[in-house]
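Open the model in your viewer and keep the selection panel at hand.

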Amino acid sequence: MEKEPSIIIDLRSDTVTQPCGGMREAMARAEVGDDVNGDDPTVIRLQEKVASLLGMEAGLFVPSGTMSNAVAVRTHTQPGDEIIAEEHSHLYVYEGGGYAALSGCSIALVPSEHGIVAPVDVRNRIRKAEGSRSHYPNASLICIENTSNRGGGTIYPMEVLKEISEISREYDCRMHMDGARLFNAVVATGISASNMVEGFDSVSVCLSKGLGAPVGSVLVGSKNFIEQAHRWRKLFGGGMRQAGILAEAGIYALDYNLPRLAADHLRAKKLAQGIEPLEGLTVCLDEVQTNMVYVMTKGSADEWQTKLSEKGILCFAINENTLRMVTHLHINDRHIEDTLLILSELSKV
Ligand SMILES: Cc1ncc(COP(=O)(O)O)c(C=O)c1O
């Protein structure tokens, strides 16, 4: 029988992070109320904190990034509308077609370069019902994922965001940012979160990825948008009662784990640089801008994933010839060195 590996280095995702002792203690002490009734003081504190960080009027605590995006799409659109999104975006690929099932929207997909769409391609995808003798659906929402997960954790340049935001105004479309990993972009660029989301009508940020909270996302926008989003959260079953316990974890994550994202980025870079010279593996170093490393494999990525897991290294095969490795709270320098050593051994056989 195959011997169990003695080490486990879990590079599958930053979602595998577990709450540390300090976070658990903070959660145990959290003051709670009934958030469905709007009187959980810790949830209110978290919502205000995230809204203020992002320069928005109000926030809404939701159980997941998927629900946050779904609530945003439902709030911004009407059934029969069309949303615009990048062709490999999480919202399109990994959220069960929620935009269609829950909001009755079609989607127009935009190609990209490493996850970053070109403003001209966004413009070319916009179809408005008006002036089409009712032939077209009505494009009413542009969704931008920053950082782009399938793009390799890449960051939108500010000028691209500005141009897309101008196009959205020209065509009377709303703008939503899936900022599941927005704080990675903020830490990597030094641009403030509020500057980065300027021109957006709503932003979703996740607390349970690199920030290390066990659960939760916050959707932010104008006071009016959040009032409407509150109703859709209820309809989608996302109202939570003594949610302050979870919100406290989010506050802890923002206070203690946000600044340390820079260490994840350095380790991702180190991992990518170590992989680059290895036989049978290719990385695009320019693409490694935050905490993700996408590795192109000469043979089957599934086989690489299996061989690595036999050695105690977990990662995801994203398609036939691509592995994804993500650095996070539980990955240290030693793990990167061990991973490189094992990859180097495997690349020689
Ligand atoms: C870019 C992006 N958006 C949204 C989500 C959804 O978050 P959740 O898993 O909390 O539903 C993810 C999850 O990995 C993601 O990577």
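Axes here are lines fitted to C-alpha atoms, for helices over the stretch in contact, and angles run from 0 to 180 degrees between N-to-C directions. Helices (H or I, at least four residues) and strands (E, at least two) are DSSP runs, numbered from the N terminus. This is a predicted model: local features need pLDDT of at least 70, side-chain atom pairs count only at pLDDT 80 or more, and totals for chains, interfaces and linings use all residues. Residues are numbered from 1 along each chain as its sequence is written.

**Stop 1: α12 and α14**

Select residues 261-275, helix α12, and residues 333-347, helix α14. They pack at about 20°, axes 10 Å apart. The two are therefore roughly parallel (an angle under 35 degrees). The crossing is right-handed (the near helix is turned clockwise from the far one by less than a right angle). Now show the contacts (C-beta atoms, placed from the backbone, within 7 Å). From α12 come Arg-267, Lys-270, Leu-271, Gly-274 and Ile-275; from α14, Asp-333, Ile-336, Thr-339, Leu-340 and Leu-343. Colour them by type: five nonpolar, two polar and three charged. Here Ala, Val, Leu, Ile, Met, Phe, Trp, Tyr, Cys and Pro count as nonpolar, Asp, Glu, Lys and Arg as charged, and the others, Gly among them, as polar.

**Stop 2: α3 and α10**

Go to α3, residues 65-76, and α10, residues 223-235. Their angle is about 115°, with axes 9 Å apart. This crossing is right-handed. On α3, pick Val-71, Ala-72, Arg-74 and Thr-75; on α10, Phe-225, Gln-228, Ala-229, Trp-232 and Arg-233. The contact has five nonpolar, two polar and two charged residues.

**Stop 3: the cores**

A nonpolar core is a set of buried Ala, Val, Leu, Ile, Met, Phe, Trp, Tyr and Cys residues joined through C-beta atoms within 7 Å. Buried means 20 or more other C-beta atoms within 10 Å of the residue's own. Which members of the largest core touch the most others? Select Leu-54, Ile-83, Ile-84, Ile-142 and Leu-182, out of 78 residues. Helix α11, residues 244-257, gives the largest share, eight residues. Another core, of 23 residues, lies apart; Leu-11, Val-283, Val-295 and Ile-313 are among them.

Zoom on Leu-54. Beyond four places in sequence, Leu-54 touches Ala-193, Ser-194, Val-197, Val-203 and Val-220.

**Stop 4: Ala-249**

Finish in α11, at Ala-249. Is Ala-249 buried or exposed? Buried, because 27 C-beta neighbours lie inside 10 Å. Leaving aside neighbours within four places, Ala-249 contacts Pro-19, Met-23, Ala-26, Met-27, Ala-213 and Pro-214. Then draw a C-alpha to C-alpha distance to His-265: 22 Å, across 16 residues of sequence.

How values were computed: Two residues are in contact if their C-beta atoms, placed from the backbone, lie within 7 Å. Angles under 35 degrees count as roughly parallel, over 145 as roughly antiparallel, 65 to 115 as roughly perpendicular and the rest as oblique. A residue is buried if 20 or more other C-beta atoms lie within 10 Å of its own, exposed if 12 or fewer, and partly exposed in between; C-beta atoms are placed from the backbone.
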